[in-house]
Amino acid sequence: MSTDTETPTYTKSALEFKSTSFSVPILVIFNAELVQLECQIEQKIAQAPEFFKNLPILVDLQTCNHQQQKVDLSALIKYLRNKKIFPIGICGGNKKQNKLALELNIPSHTVQRNSAAATDASLKLNTTNIEKSNENSSSEITPPVENMLITQPIRSGQRVYAKGDLTILSHVSAGAEVMAEGNIHVYGALRGRALAGVQGNTNSRIFCSELHAELVSIDGHYKINGEIDKGISSNPAQVYLQNQKLIIKNL
Amino acid sequence: MARIIVVTSGKGGVGKTTTSAAIAMGLAKKGHKTAVIDFDVGLRNLDLIMGCERRVVYDLINVITGEATLRQALIKDKRCNQLFILPASQTRDKDGLTKEGIGKILEELAKDFKYIVCDSPAGIERGANLAMYFADDAFVVTNPEVASVRDSDRMLGILASKSRRSENDEEPIKEYLLLTRYSPERVKIGEMLSVEDVQDILSLHLLGVIPESKSVLTASNAGTPVILDEESDAGQAYADVVARYLGEDKPHRFIDEEKKGLFRTIFGSK
């Protein structure tokens with residue numbers, strides 16, 4: 001047995017907590033009937049066995065609970081794990097289900113999924129006795145948009161982040177950075193960096209009176225100053241995404 | 001109520017100390033009791049430009065640490081009895097500068113003085129941050145070249161976010177642009193940014209343009225604020241700046257190239 005109780009001191013920190021976001025398929029449960037669920041999951045797996053192999057998944061109980069259907073959560077989880085699908089959380093569960101999930105070493109998420117997540121990344125198990133309207137009503141939750149208005153110039157070294165649209169009534173200096181989850185409007189010269197749709201909104205655009213930007217980006221698709229057509233720069237311009245391609249045009 | 005003016009730029013060597021000395025002298029000559037403080041601890045220069053380096057006994061750090069009183073440290077100018085200089089320390093560490101210490105000094109000066117001019121060091125470190133923290137007005141000194149303009153832009157960003165006024169949600173610091181070492185000839189041949197170019201980038205109220213002039217160096221070496229050289233173009237330009245700051249309406253000069261008359265062509269310009 002080691003008796004060395006001294007903790008070694010490292011000059012560099014050994015770990016770091018960071019935040020990230022990635023997409024996980026959501027299994028939306030419409031029906032509490034376990035046999036029916038199992039049957040349909042089996043069918044889905046048969047269609048793409050490689051995709052489902054060791055797949056992390058979020059189980060959404062919201063619709064099911066909405067209809068007062070009591071799903072046997074522990075049995076469902078046990079079944080999924082048997083099929084090498086790993087539930088990494090539940091959402092939309094009630095108190096009892098959340099407690100049960102925790103006992104099964106699965107965290108519960110209080111965040112309600114939005115409509116985009118439901119259509120893009122979910123594995124829907126549609127059963128015949130579910131009306132379409134039910135699904136729609138449960139997913140119509142739009143968060144309040146926080147737009148931002150700035151009347152002063154954005155100086156070199158300053159950073160601005162807007163959760164919605166960002167409107168700047170003056171110029172953006174070289175060396176400044178403006179970011180928005182929505183659109184960016186600059187009623188002056190844009191000389192710094194402008195990043196719109198930073199949380200994945202591909203429909204967002206950048207508008208400015210003069211485009212001398214160091215960098216423009218929409219949803220991660222970017223162009224740097226040298227790639228921007230010099231003929232555009234002195235007139236009002238807009239930047240948008242079309243088929244994953246960044247388009248820069250005069251207005 | 002005293003008005004605290006910070007003279008700042010970000011970049012070094014653009015004329016902050018020359019400007020501080022000139023406007024402090026200018027304000028004092030107009031009859032306003034003025035103090036000028038050197039914040040450049042370790043690289044003090046203001047005392048040289050003001051010609052009082054031999055009279056420095058106590059300095060800013062001495063006052064902060066309580067080794068001397070403000071009255072002991074202030075040096076009265078020999079040319080103008082309304083002007084007082086508080087020199088920086090040449091030997092002490094700049095860590096001696098504390099927000100509380102500076103705040104106390106400024107508060108005490110404000111009881112007695114009309115204007116307090118703070119000569120900021122270059123850079124965006126402690127000395128520069130403290131020089132601007134308590135300011136009411138900022139003179140942003142810029143040379144007509146890209147590096148200086150960008151540094152000034154950065155400084156303006158800091159002025160807007162890291163001052164007492166911004167922290168207390170008061171009316172923001174009034175910012176003025178002072179374009180120094182300006183040479184219309186070099187602007188004409190494209191070697192220098194023009195007033196319009198700089199204004200376009202900084203969007204700032206232009207308080208004055210100081211022409212590039214030999215008289216500045218001569219005055220500095222002699223320990224005389226250049227504003228006292230009433231013959232020189234730079235001296236006149238600073239006089240205009242002080243007048244404009246005090247609310248007088250003076251047209252801008254020294255922006256356009258001087259037309260050489262026949263007399264000048266024959267006998268050569270100065």
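In the predicted model, the side chains of B:R92 and B:E67 meet in a salt bridge, with a distance of 3.2 Å from N to O. Because B:R92 lies in the loop between β4 (83-86) and α5 of chain B, while B:E67 lies in the loop between α3 (60-65) and α4 (70-73) of chain B, the pair ties together parts that are 25 residues apart in sequence. Both partners fall into the intermediate class of accessibility, B:R92 being partly exposed with a relative accessible area of 32% and B:E67 being partly exposed with a relative accessible area of 45%. In chain A, salt bridges that share partners join A:R159, A:E177 and A:R193 into one network.

A search of the whole structure finds 20 salt bridges over all chains, and one of the pairs is formed by the side chains of B:D112 and B:K33, for which the N to O distance is 3.1 Å. This pair links distant parts of the chain, since B:D112 belongs to helix α5 (residues 99-112) of chain B and B:K33 to the loop between α1 (16-29) and β2 (34-38) of chain B, 79 residues apart. B:D112 counts as partly exposed at 46% relative accessibility, and B:K33 likewise counts as partly exposed, at 24% relative accessibility. A further salt bridge in chain B is formed by B:D47 with B:R44, the closest N and O atoms being 2.8 Å apart. With a relative accessible area of 3%, B:D47 is classed as buried, because the value is under 20%.

The contact between the two chains was examined next. Nine residues of chain A are in contact with twelve residues of chain B, and the area buried between chain A and chain B is about 810 Å², of which carbon and sulfur atoms give 37%. On the side of chain A, the residues A:R155, A:S156 and A:R191 supply 57% of the area that this chain buries against chain B, more than any other three residues.

Polar and charged interactions are found across this interface. The rule finds three salt bridges across the interface of chain A and chain B, as well as eight residue pairs in polar contact, both residues of each pair being at pLDDT 80 or more. The residues on the side of chain A that touches chain B divide into one nonpolar, five polar and three charged.

When residues up to four places away in sequence are not counted, A:S217 touches A:A194, A:L195, A:A196, A:I206 and A:Y222. The C-alpha atoms of A:S217 and A:R193 are separated by 8.2 Å, although the two residues are 24 residues apart along the chain; A:R193 is also one of the residues in the salt-bridge network with A:R159 and A:E177.

Key
Residues numbered from 1 in each chain as written. Chains lettered and ligands numbered in written order. Predicted model: local features only at pLDDT ≥ 70, side-chain atom pairs only at ≥ 80, totals over all residues. Heavy atoms only, no water. Contact = heavy atoms within 4.5 Å. Buried area = accessible area lost by both parts, 1.4 Å probe. Salt bridge = Lys/Arg side-chain N within 4 Å of Asp/Glu carboxyl O. Polar contact = N/O pair within 3.5 Å; in protein donor to acceptor, adjacent residues only side chain to side chain. Nonpolar A, V, L, I, M, F, W, Y, C, P; charged D, E, K, R; others polar. Helix = DSSP H or I, 4+ residues; strand = E, 2+ residues; numbered from the N terminus. Buried < 20%, exposed > 50% of the residue type's maximum accessible area, 1.4 Å probe, protein only.
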